[in-house]
Amino acid sequence: MTVGRPRIDVVGSADVPTWPEAIAAEYRARGYWTGQTFSDLLRERAAAHPDREAVVGADERLTYAELDRRASALAGGLAWIGVHRGDRVVVQLPNEAVFVEVLFACFRLGAIPILALPAHRASELTHFAAHSEAVAIITSDARSRFSFAGLADEVRAAVPSVREVVVAGEPLEDQRSLDELRGATPLPELAAKSGPFGRDLALLQLSGGTTGASKLIPRTHDDYLYSVRASAQICEQDGDSRYLVVLPAGHNFPLSSAGILGTIESGGTVVMCPSPDPATALGLIETERITVTGLVPPLAIAWLEALSGSSRDVSSLRLLQVGGAKLDAEVARRVEPAFGCRLQQVFGMAEGLVNYTRPEDPLETVIATQGRPMSPADEVRVVDEHDRDVAPGESGALLTRGPYTIRGYYRATEHNRTAFTSDGFYRTGDLVRQAPSGHLEVVGRAKEQINRGGEKVAPAEVEGHLLAHPSVLDACVVGVPDAALGERTYAVVVARGEQPTPASLRKFVRERGVAAFKVPDRITFVPEFPTTGVGKVSRRELRTLLAAQLTDASAASAAATPVSSAPTTDDSGR
Ligand code: OOB
């Protein structure tokens with residue numbers, strides 16, 4: 001650890017911004033924050049119904065009592081290798097039962113998991129580990145052709161604070177197996193009395209990022225558990241709920257809206273889906289009698305297609321949630337008749353605010369809006385470019401604050417000055433319109449972020465990777481409309497000297513160790529960029545230009561395009 005940094009991040013310090021004390025007191029007084037931790041929650045549920053199934057994975061089924069026992073055993077194992085309360089741990093696990101076990105082991109110990117996605121590679125993981133001074137990485141090599149254990153080693157070699165790599169499956173040399181830790185000394189009871197407490201950090205979520213690498217999002221037990229409890233109630237979860245985890249388990253949507261944690265909170269059963277492809281998922285819905293699941297719009301479309309030719313029985317489904325990116329109203333309209341269950345739109349963000357359409361909403365509201373805030377204590381403002389409220393029903397930028405929306409990113413003092421207003425509202429970067437009922441419709445985006453079917457891409461981050469290539473003089477990454485994904489990434493590049501091929505450039509970006517969804521879908525070379533009046537690259541103009549080319553394929557190949565940014569090479573394969 002760096003000298004001078006306390007081992008435990010103090011919530012409320014400059015590194016971990018939090019709510020002003022008077023507001024925190026109010027959230028406690030109103031019963032939003034209860035002081036309960038996720039560790040307490042699991043204890044309570046395991047005591048209430050020990051034999052009920054908590055988590056189902058590809059080859060194991062854990063009851064609440066078993067999950068609780070495993071969380072304690074693994075917490076003890078982590079302590080045994082020197083991971084302590086307050087230490088940060090990068091967790092990169094697939095959708096398997098072990099994800100839930102590791103998460104609750106961290107909660108029990110008070111270690112802070114950073115929930116990396118399986119798609120993340122060295123570039124992202126190194127940033128998470130270095131920025132948080134993580135002491136360990138927990139990963140899995142049980143069922144994958146890609147070596148996650150090898151990746152974890154690469155990150156450990158690059159980040160001095162990372163001492164331990166723990167692997168579910170076969171560890172490499174100098175790594176630990178999760179089994180070894182499970183069999184170590186159980187956590188001494190003493191630990192329970194010395195925290196973690198409700199006000200402590202529970203986990204670090206990841207932001208989609210706008211200015212480059214993802215920011216880390218500090219969520220406390222108090223605030224996250226409140227959002228989970230409120231979500232479970234809105235989604236009408238109960239002990240009979242069976243939630244299928246289709247999206248990557250660590251993402252805020254499947255984790256907490258109501259998702260994995262909401263299902264545990266209601267005493268239901270979490271079923272891990274190893275792959276989102278409809279063949280696997282629809283099969284599990286049938287065999288596991290799934291009642292609820294959450295999807296991003298491209299998956300909803302793929303499932304709708306697959307369902308029409310499938311004999312799978314999905315009659316157990318009660319609720320299909322769709323969120324993470326804008327759901328097209330025409331697609332939304334097809335969901336209820338095809339699946340025979342209610343649709344729920346979910347418009348949320350890892351920073352906090354989550355909006356849901358409600359079971360009692362009229363069908364048109366469910367189809368045409370992205371829901372309304374989950375909590376009566378959520379404050380929502382729709383403002384113009386001067387932060388002035390727009391007239392009711394007009395569109396504007398969405399600002400929010402409330403009992404589960406962060407007041408600042410982790411260790412990001414500078415960025416926080418602009419990402420939040422001086423009175424603590426988070427600038428979501430989303431453009432919305434609010435109906436008198438409170439329902440929000442997402443009409444656009446003010447932030448520089450590409451939403452590739454729910455996966456968020458920060459143009460600046462990808463541009464940075466492209467610029468590292470010796471033959472790239474300048475690069476600009478924009479999102480262009482796409483029927484399947486909503487948006488795709490398009491890199492426009494000015495070459496230096498000999499022009500590389502798009503394929504070689506994509507390979508270059510991939511080999512720099514970035515998540516595959518960030519590798520540009522298409523790369524085009526131009527002699528120079530269109531610029532704004534002040535000489536800045538005009539992304540808007542680029543986007544318009546590219547969108548026009550894509551909708552009119554023949555225009556893209558017509559050589560006689562007069563603008564200076566006419567593509568000189570185009571490439572559309574991946
Ligand atoms: C969810 O969280 P993040 O942090 O990956 O992304 C948040 C951003 C939002 O600011 C918005 O730009 C976009 O994703 N978004 C939507 C949307 N849901 C999220 N845009 C339009 N329509 C929607 N329904 O994506 C997330 C977190 C919790 C629950 C659901 C989604």
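Predicted model: local features only at pLDDT ≥ 70, side-chain atom pairs only at ≥ 80, totals over all residues.

**Exercise 1.** Work out the order of the strands in the open sheet and find which ones are its edge strands.

*Solution.* Start with the order: three strands make up this open sheet, arranged β23-β24-β25, with mixed pairing. Next, look for strands that pair on one side only: these are β23 (472-482) and β25 (522-525), the edge strands. Finally, zoom in on one pair. β23 and β24 (residues 486-495) run antiparallel, joined over 10 bridges. Within this pair, C476 stands opposite V492 of β24.

**Exercise 2.** Find the strands that helix α17 touches, and those that helix α18 lies across.

*Solution.* Take α17 (residues 459-467) to begin with: this helix packs on the sheet and touches β23 and β24. The direction of α17 makes about 140° with that of β23. Now turn to α18 (residues 502-511), which lies across β23, β24 and β25. Relative to β25, α18 runs at about 125°.

**Exercise 3.** Describe how helices α2 and α3 cross, and sort the residues of their contact.

*Solution.* Two packed helices are described by the angle and the distance between their axes. For α2 (residues 38-48) and α3 (residues 64-80), the axes come within 8 Å and cross at roughly 145°. The crossing is left-handed. Now list the partners: α2 contributes L42, R43, R45 and A46, while α3 contributes Y64, A65, L67, D68, A71 and S72. Sorting these contact residues gives six nonpolar, one polar and three charged.

How values were computed: Residues numbered from 1 in each chain as written. Heavy atoms only, no water. Pairing = 2+ DSSP bridges. Helix = DSSP H or I, 4+ residues; strand = E, 2+ residues; numbered from the N terminus. Contact = heavy atoms within 4.5 Å. Axes fitted to C-alpha atoms, helices over the stretch in contact; angles between N-to-C directions. Left-handed = near helix turned anticlockwise from the far one by under 90°. Nonpolar A, V, L, I, M, F, W, Y, C, P; charged D, E, K, R; others polar.
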